[in-house]
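The sequence and the coordinates come next.

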Amino acid sequence: MTTQLAPTSTVHVSDEFDPLMRRLDDVHDLLDSTADESERLGDLTDAAARALRDSGALKISVPRELGGYEFSPRQAIDTIARVSHADASAGWSFMAVQMVTGTTAAYLGAEAVRDLYPDVAGDRYATIAGQGTKMGTATRVEGGYRISGRWHFASGISLASHIHTAAFCEETGEALVFTLPKDRVTLIDNWDVMGLRATRSIDYTCEDVFVPQTHVYPVATTHAHHGGAAYRIGLANMAGVCHTGWALGVGRRMLDELKALVASKSGTPNASVDTHQFYAEYAEAESRLRAARSWAMEVWADNEATLDRGEHLSTEQETLTRLMLNNTTWSVQAVGQMVHKWAATAALRRGPLQRFFRDLHSGTQHVTSGPVVLQNCGKWLSGLAAPEARWVFLDLQEPRS
């Protein structure tokens, strides 16, 4: 079942896509060459951060009417994959910041947009990072709210000028997203992890900080004040776009690295890569990655067509979108295992193979590809969920009896 909306704009397919991809090709080597130093710092190097900003990539989800590029979901997937191919941590930070920067512009009203996005085309706009799944608390006061809490995983925080964070309103129980300057929170430098080290996905806290009503929106909103039809998919599906692109870029890079490595090993005495077993397993990994990308693009082509008709995604479409992300994530994880196996001792040493392997296994732990989401997908697709069940953020909610 679909819900018909009043006439509205279609999904925007941006003419900026090809020029940006060329610019990202130009900075690929810089992101790649600075990745080890970024990891040592636990943050992107200044050069890597500047390259991403100067390329215009952080505008890809900002509505076109505000001066952004407003990429379609499929364009965003390919863009995030391109950055992630260069450096998985840079790709992760980029995907988080561009998404929150763009969706905030779409879901907040005119007054907040004047404050945060005064001249996007002229590169004067807020860049926003933060966390929307672990909730703080918010209390209503005159003109807005006062929020308190501790949040995790502020990926890409060094690229950001502002924070996006979620909290429950104590008076209503509603989950809300708050946007505030980064200097209003306390950053806690506690990102000591195995992979994705350069994302600086640290914790942050605030205590009784005022946020005006103009800078607040419901976490599950699908109503956009600015931009086209793509913003009607909401934050959870926007995150799914991002994680799909990230996984595909990481998987492609790992296969590319293995291909280069086996070229140097082939023909040497007792080379394991000169075996029928290697040929078969490499082919299987390639098919996994290509199949994952094909299904991702098929799902999003169907979603975009629905949005173009002025409709919201059905529960079936939302279920397949979440299942596709799970399939993409774990297909790429299997590709990474195969690469690690056949790279042998080369994967133990510092370098792209080791780093991408660690980053990949950290990325698979994100809640969007977790077991509960997968279980809910299976419940719906098997016909065991109520027909009226609907996805709200990452939960499949059924009517109470």
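The largest cavity holds about 130 Å³ of space. Of the 15 residues lining the largest cavity, Ser61, Phe71, Pro73, Ala76 and Met238 are the closest to its centre. The elements that give two or more residues to this lining are α4 (73-86), α5 (88-107) and α7 (234-265). By class, the lining of the largest cavity has 11 nonpolar, three polar and one charged residues.

The model is predicted: local features need pLDDT of at least 70, side-chain atom pairs count only at pLDDT 80 or more, and totals for chains, interfaces and linings use all residues. Residues are numbered from 1 along each chain as its sequence is written, and side-chain values use heavy atoms, with hydrogens and water left out.

Cavities and pockets are found on a 1 Å grid over the protein atoms alone: a cavity is a set of points where a 1.4 Å probe fits but cannot get out, a pocket is an open set with protein on both sides within 12 Å along at least five of seven lines, and lining residues have an atom within 4 Å of a point. Volumes are the space filled by probe spheres set on the points, which are joined across faces, edges and corners. Helices (H or I, at least four residues) and strands (E, at least two) are DSSP runs numbered from the N terminus. For the classes, Ala, Val, Leu, Ile, Met, Phe, Trp, Tyr, Cys and Pro count as nonpolar, Asp, Glu, Lys and Arg as charged, and the others, Gly among them, as polar.

The structure holds three cavities of 30 Å³ or more.

| Space | Volume | Lining by class |
|---|---|---|
| Second largest cavity | about 80 Å³ | four nonpolar, four polar, one charged |
| Largest pocket | about 700 Å³ | 16 nonpolar, 15 polar, no charged |

The largest pocket is lined by 31 residues, of which Trp92, Gln131, Phe153, His243 and His366 lie nearest its centre. Two or more residues of this lining come from each of α5, β1 (128-141), α7 and α10 (352-363).

A search of the whole structure finds zero disulfides, a disulfide being a pair of cysteine sulfur atoms within 2.5 Å. For Cys169, the nearest cysteine sulfur is that of Cys206, 15 Å away. The sulfur of Cys377 is 18 Å from the closest cysteine sulfur, in Cys242, which is too far for a bond. Cys169 is buried, at 2% relative accessible area, and Cys377 is buried at 1%; buried means under 20%, exposed over 50% and partly exposed in between, with a 1.4 Å probe and protein chains only.

Helix α8 (residues 276-308) has 33 residues and should span 48 Å at 1.5 Å a residue, which agrees with its end C-alpha atoms being 48 Å apart. The expected span is 1.5 Å times one less than the number of residues. Gly310, which follows α8, has a positive phi, near 80°.

Glu65 is found in the loop between α3 (46-55) and α4. Glu65 counts as exposed, at 54% relative accessibility. Leaving aside neighbours within four places in sequence, Glu65 is in contact with His225, His226 and Gly227, where contact means heavy atoms within 4.5 Å. The C-alpha atoms of Glu65 and Arg82, 17 residues apart along the chain, are separated by 25 Å.
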